[in-house]
Amino acid sequence: MPNRKLMTLDEFTIQETRKFPQATGELSALLRDIGLACKIINKQVLKAGLVDILGKHGATNVQGEEQMKLDVYSNETLINVLRNAADCAGVASEENDDHVCYDDEFSNNSKYVVLFDPLDGSSNIDVNAPIGTIFSIYRRVSELGKPCTMEDFLQPGRQLMAAGYVIYGSSTMMVYATKLSVNGFTLEPSIGEFCLSHPNIKCPENGKIYSINQGNTCKYDDGMKAFLDYCMENKKEEGRPYSHRYIGSMVADMHRTLIKGGIFMYPADKSSPKGKLRLQYECNPMAFLVEAAGGIADTGYGSVLDVEPQELHQRVPIYIGSKNMVKKALEFAGTKESIA
Ligand code: AHM
Ligand code: MG
């Protein structure tokens, strides 16, 4: 037997499943299918610039945002791969108005539904900056044997079974979390498999990097402006000023925040009173992942994971990352009473 050092995503999830005698392995199969879709997307992302895949598709999505060709390709890839998957009753995507219920005999007996942002940060595609796919998996609340329903997709983040992202960066990585742990897998191109490279990721309690679109400062409220002043204040003994890093691609900014520590913020502002990022496609999966790694994710009104979703494309403000940095930001931002 060769001395193998690499453990593939599939092998890892199967080992994890074995720790729970009642587990059926369906979640492992679903993660493998999401990994497959992302490998297909990755192949196209790698070719961007060479083939006619850059630029705008010519349509707008449900939120009125212009779709890029790669957005559309990634969305269709995920929908089609998961349609053929063993364990997925339906999906909801940031790019579609409504959820997609697969509604065939097999899918109607599947336990899970998947939500995704197929290609987050897509405005970065044309400049070769990192982009990513964000996904979340819920156990259905609707009756097995029947088509999935909207209720399955409008569960609070606390109910997530697993969530994660794939980052198409200098290497391609999948990071996913269950309630138990967060693990990272790097795509080994020669065998085409995600292999365990970052076991048991913990988000450092403290950090030195703040990440926000600082160009929006004029639109922030006084609490937010005061926190930015605090980040920039010269207090060497307290490790300030912090460094500011902002790629403008949530997956890339969050990947750095998770590994190195720090805080990522997309607060409400005068032009987006509810923030920009979507609860079900971006904020909940990242919040689940960061909390499983020991960090915090808050809307300024309470934990992101406790927000009761009212609609699929709902937006919320977000402060997320290292425990102590997020607590400090919330001292300035103030904890509000409800998320009206
Ligand atoms: P998208 O889903 O349309 O790509 O938008 C989400 C992206 C995030 O990746 C990123 O954090 C944010 O938008 C950047 O917004 P801004 O350009 O306003 O700073
Ligand atoms: Mg997005």
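Biologist: In which loop is Asp-103 found?
Modeller: This is a predicted model, where local features need pLDDT of at least 70, side-chain atom pairs count only at pLDDT 80 or more, and totals for chains, interfaces and linings use all residues. Residues are numbered from 1 along each chain as its sequence is written, chains are lettered from A and ligands numbered from 1 in the order in which they are written, and side-chain values use heavy atoms, with hydrogens and water left out. Helices (H or I, at least four residues) and strands (E, at least two) are DSSP runs, numbered from the N terminus. On that basis, Asp-103 sits in the loop between strand S4 (100-101) and helix H4 (105-108).

Biologist: What is the phi of Asp-103?
Modeller: Most residues other than glycine have a negative phi. Asp-103 is partly exposed at 46% relative accessible area, where buried means under 20%, exposed over 50% and partly exposed in between (1.4 Å probe, protein chains only). Although Asp-103 is not a glycine, its phi is positive, at about 45°.

Biologist: And Asn-128, is that buried or exposed?
Modeller: Asn-128 also has a positive phi, near 60°. Its place is in the loop between S5 and strand S6 (131-139). With a relative accessibility of 73%, Asn-128 counts as exposed.

Biologist: Which peptide bond is cis, with omega near 5°?
Modeller: Good one to ask, as most peptide bonds are trans. Look at the loop between helix H6 (222-232) and strand S12 (243-244), where Pro-241 is found. The cis bond runs from Arg-240 to Pro-241.

Biologist: Which residues of H2 make the contact with H1?
Modeller: Helix H1 (residues 9-18) and helix H2 (residues 26-47) have axes that come within 9 Å and cross at roughly 165°, with axes fitted to C-alpha atoms over the stretch in contact and angles running from 0 to 180 degrees between N-to-C directions. Contact means heavy atoms within 4.5 Å. H1 contributes Leu-9, Asp-10, Thr-13, Ile-14 and Thr-17, while H2 brings Ser-28, Leu-31 and Arg-32.
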